[in-house]
Amino acid sequence: MTDVTARRLDLAGTRTFAVPGAGATRRRALAEFGFGWLQQLWLDACAGRRHEGVALAAVGSLARGDGGPLSDYDLVLVHHPRGLAGKEVGAFADQLWYPIWDAGVRLDHSVRTVAQCRAVATNDLSAAVGLLDLTHVAGDPDVVNAARSTVAHDWRANARTRLSEMQESVVARHTRQGDLAHLIEPDLKEAHGGLRDMSVLRALTAAWLTDRPHGEVDVAYERILDVRDAIHVVTGRGRDRLNRDDQDACAALLGYTDSDDLLTDLSTSARAIAYAVDSTLRRAQQSQRARTLRVGPRRPQLAPLGYGLYRHDGETVLGPSADLARDPVIPLRAALVAARNGIPLSPSTLGNLSEQSPALGEPWPEVARHLFADLLAAGPGLVTVWEGLDLAGVVERWIPEWTAVRSRPQRNAVHRHTVDRHLVETVVAAGGMVRDVARPDLLMLAALLHDIGKVPGTTDHSLTGARIADTVLRRIGVPDADRAVVVRLVREHLTLVELATRRDPEEPATVAALIEAVGGSVSTLELLRALTEADASAAGPKAWTDWRAGLVARLYAAGLASLESQHRGEAPRAVEPLDTVRLSDEAAGRVAVGEPWVTVTSHGGAHRVDIVDRDRAGLFADTAGLLAAQGFVVRSATLRTADGLAVNEWWVESPGGETPVPAIVARNLVRVASGDRGPLGKGSRRRGPGAPTSVSRSSGSPDGARALVVNSASDTATVIEVRASDRPGLLQDLGITLARASLSVRSAHVATYAGQTLDTFYVTEFGGGRLAPARAAQAVAMIIDTCDE
């Protein structure tokens, strides 16, 4: 170790690492030492001569004064062409560089004129960002000022073109390095939320496009610098990656009781910086668009997204009609809209949602539960939206238990994320399997909560998690039977993979253990299989190999076969039709004269629409079409027939906030029944009744809808179960398809879970009776084609 290195480590002062605020003082001392030493080297190289138009300048961490004990020095020898000749400049530079190398200090060096600095900055984005920090060390300060001011002027003048280049560069780097906040062995400099992103923030500010966040972000930056300094001292090298083997030593040096606490604080800091750089880049892009020449005053460009939310400059914002103080479900609606559209919530909107929205109450209203399930099933857009909500404090208002797992590291080598990020990634992975299970909403909840028990001090996170999940689900208001299923899934979420990989799947005792874990339920077994795959695939490639997947599939098949042999097909969710209908005198009088009887009951943001009408072919499709044409989203529906009457119960929501008007619904049903298709809107005319339909599929495409015949569900009707992505008008299209197939819908049970429909239709021939196998296969194929259009 050279004297210079020893001096730098001595200045680091290991006894001060655990002292709050000492890191900034330590780094200032290191910078002062570096500048003083380099200035002495300059004097030695000059040997008493004065060199006009030549100067030594620093960039990087030395220039900013935030270098670590063993950070390298980035130096530039800047000169005017009229100064030293080319050979003289090279020889003079060698007299500076060689003593630095001999001292064991890592050096990045260059020799440039002011014009060359400008040219390099123009052609190289990273060089441009670095030269914005150009700081005089020794020699002629005017030449350094000239280079720095020229580069800064060009940076501001070319901000419009450089901004897109910077955006691409940042995204590419983040893709390569991952999120510092959620990595177990992160690169503190290059990862998303790392030290490099602070240079991006400073560069955006220097372009005069936007200001950057301060306060929490500055504190987070200092904390990451402290960890970087600790790595230098512990390893004796100028590294930026926090390896597992060094975490305990770094934690002890920084005064943490264990390395998990260190990683939690590091993750929290990285999240603050990551969110700051992402939002500041959006602010800069918005500012740049605002500079575009416009004719007349500039008005906000608001594109409606539904539920009183709009897209504005690449972000989701609340509209002026949103009443946060009175509607506690607005945060859920806003999050759902943003996640489905892949558009982050704006910082101001997040702040308003956090500060102004009232609590949901306990238990949550039913509409809130539905919205939460849909949010979890929103897909990859959930990750960014959830992160913003979490940083704003909204998530912990929904789930206070979330704070215990936020930013918590995982020691298991197969995991690549912190606990909270892993939970969200598992939810996204489970979203790809919603058509493999009967209750995707329960799968989403189990995915979100399966590792909620990984809190400090726990010995069995599955048992702890089951207790915590039960508390969370009670607060949300999940019905008892559904809550029991999710709690069981959380408690047993490792059972399938552990049995599959540790025991013989052909052994009856292994199958019996699996069946006991799922409570003898086929549907719970399906959910456990999907949760197992989602959990493992979200953990990382080491956790879900082809070998593991094959073993899990083998044991799952054995368990399913055993359960089906015990009870062929579980009791269907649908119920058989009613035998009789009891109506009030007023309702009976209306129906007797051919008028539908319609009542509407509102429950918060959801509305129950009860319709009694004379049964007729196409009534189901017409009702679904009318509700869709009026802008309502069908949440669920139960349709039954008895005594020649259709008794239908529909649950709907309205993105625009409207309430169904019974008289309008009844009047439109009469119009449609008489042949007037006007109330159905344009959607009903997009496909004629005689349009050809492919029958090439029998059960569903790999990525499309699925339909199957449940043979054991009814002795008097053919039961067809349909699983597909929900969309406006789907129910109407299915009704039209069944009518076109000359089938009578005797009973239908429609539900929407997490953005997926699970529809069960009891159908017969028009004269009554079950469908022949060929007819059933044709109906299934037609339904699949309709769903996939």
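This is a predicted model: local features need pLDDT of at least 70, side-chain atom pairs count only at pLDDT 80 or more; totals for chains, interfaces and linings use all residues.
Residues are numbered from 1 along each chain as its sequence is written, and side-chain values use heavy atoms, with hydrogens and water left out. Local features need pLDDT of at least 70 and side-chain atom pairs count only at pLDDT 80 or more, while totals for chains, interfaces and linings use all residues.

The largest nonpolar core holds 93 residues. Such a core is a set of buried Ala, Val, Leu, Ile, Met, Phe, Trp, Tyr and Cys residues joined through side-chain atoms within 4.5 Å. Buried means under 20% relative accessible area, exposed over 50%, and partly exposed in between, with a 1.4 Å probe and protein chains only. Phe372, Trp386, Trp398 and Trp402 touch the most other members. Helix α24 (residues 522-539) gives the most to this core, with nine residues. Helices are DSSP runs (H or I, at least four residues), numbered from the N terminus. A second, separate core has 61 residues, among them Cys117, Val144, Ala230 and Ala284.

Contacts (heavy atoms within 4.5 Å) were listed without residues up to four places away in sequence. On this basis Trp402 touches Trp386, Asp390, Val395, Asp420, Leu423, Val424, Leu448 and Ile452. Thr426 lies in helix α18 (residues 419-430). Its relative accessible area is 0%, so Thr426 is buried. Thr426 touches Ala447, His450, Ala534, Asp535 and Ala538, again not counting residues up to four places away.

Ala368 belongs to helix α15 (residues 366-376). Ala368 counts as buried because its relative accessibility is 0%. Leaving aside neighbours within four places, Ala368 is in contact with Val329, Leu332 and Leu360. Ala368 and Ile330 are 38 residues apart in sequence, and their C-alpha atoms are 9.2 Å apart.

Helix α10 (residues 216-235) has 20 residues. It reaches 29 Å from its first C-alpha to its last, close to the expected 28 Å. The expected span is 1.5 Å times one less than the number of residues. The buried residues of α10 include Val217, Tyr221, Ile224, Arg228, Asp229 and His232. Gly236 follows α10 and has a positive phi, near 75 degrees.

The structure holds zero disulfides, defined as pairs of cysteine sulfur atoms within 2.5 Å. The sulfur of Cys46 is 19 Å from the closest cysteine sulfur, in Cys117, and is therefore too far for a bond. Cys46 is buried, with a relative accessible area of 6%. Cys117 is also buried, at 0%.

Technical notes. Helices (H or I, at least four residues) and strands (E, at least two) are DSSP runs, numbered from the N terminus.
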